[in-house]
Structure formats: C-alpha cells, structure tokens
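Here's a quick tour of a helix and some charged pairs. Have the sequence and the 3D view open as you read.

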Amino acid sequence: MSTSSSTPMEDALRVKITEALKPSSLIVQNDSHMHAHHKAMQGSTSRETHFRVEITSEAFQSKMQPARHRMVYALLKEEMERVGGIHALQLRTRTPEEEERQLAREQADKATTRAEIEK
C-alpha cells in the first residue's frame, strides 16, 4: 500500500496556508484539468498546475488585497518556482468580517429575489 499522496502540490498548499495563516475557511479547487490542453502545459506531466484558492483569515486584517496576495505567494514560492509546479494561482482573500458581510449581502439578495418572484 502506497502512502504517497496523489495530490502532493495541493497537500503542500493546504498545509502551508493552514500553518501560516490559520484560516477559518480554506477552499482549494484544482482547475488543472481545464488547462491541460494549453500550449504552456504541453509536455508537463503535472496534474497540479492551476488552482483557485479562497482563504478567510484574521491574518489579512488591515491589509489590502495586493499585500494579502503577496503573503500567499511568499508562502508558496517554492511550489511556484518548481518545474511542474503551480503555474496559475487565483486567490480570493478576506477577513472573517468581510466574509460575514458577503454572506449577509448574499442572503439579502436571495430574499429580494424571492420577494420579486412571489409578486
């Protein structure tokens, strides 16, 4: 029985972000399969090159988006520089308060839509 992971890049990404940023929410989506046909990916044997990551963390408090993204890029520098490593990283970074406001807006929008449909 093999103990090696079939998703070592995703695993490393999750561990590094979790240890450094202590997120209250972390969603990692591997979108590599949608980009495997791109010219830049020809010859690549990696199936872990394109990720969408949503991170909610207190560590982002009082930081603008560019600074938050730089924090994540610094954490994943090794994985991004490695041959066959991360080629594209789409980030959504927010604080718990920002997440709460977003959820409240979404709920209000759903309620408004429901009320309009029932008219």
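Below are some ground rules, then the helix, then the salt bridges.

## Ground rules

This is a predicted model, so local features need pLDDT of at least 70 and side-chain atom pairs count only at pLDDT 80 or more, while totals for chains, interfaces and linings use all residues. Residues are numbered from 1 along each chain as its sequence is written, and side-chain values use heavy atoms, with hydrogens and water left out.

## Helix H4

Helices (H or I, at least four residues) and strands (E, at least two) are DSSP runs, numbered from the N terminus. H4 covers residues 96–118, 23 residues in total.

## Salt bridges

Taking a side-chain nitrogen of Lys or Arg within 4 Å of a carboxyl oxygen of Asp or Glu, the count is eight salt bridges. One of them pairs Lys16 with Glu79 at 2.9 Å, N to O. Lys16 sits in helix H1 and Glu79 in helix H3, so this pair ties together parts 63 residues apart in sequence. Lys16 is partly exposed at 26%, whereas Glu79 is buried at 2%.

Lys77 and Glu81 also pair up, at 3.7 Å, N to O. Both lie in helix H3, four residues apart, about one turn of the helix. Salt bridges that share partners also join Glu54, Arg94 and Glu99 into one network.

Terms used. Expected span 1.5 Å × (residues − 1). Buried < 20%, exposed > 50% of the residue type's maximum accessible area, 1.4 Å probe, protein only.
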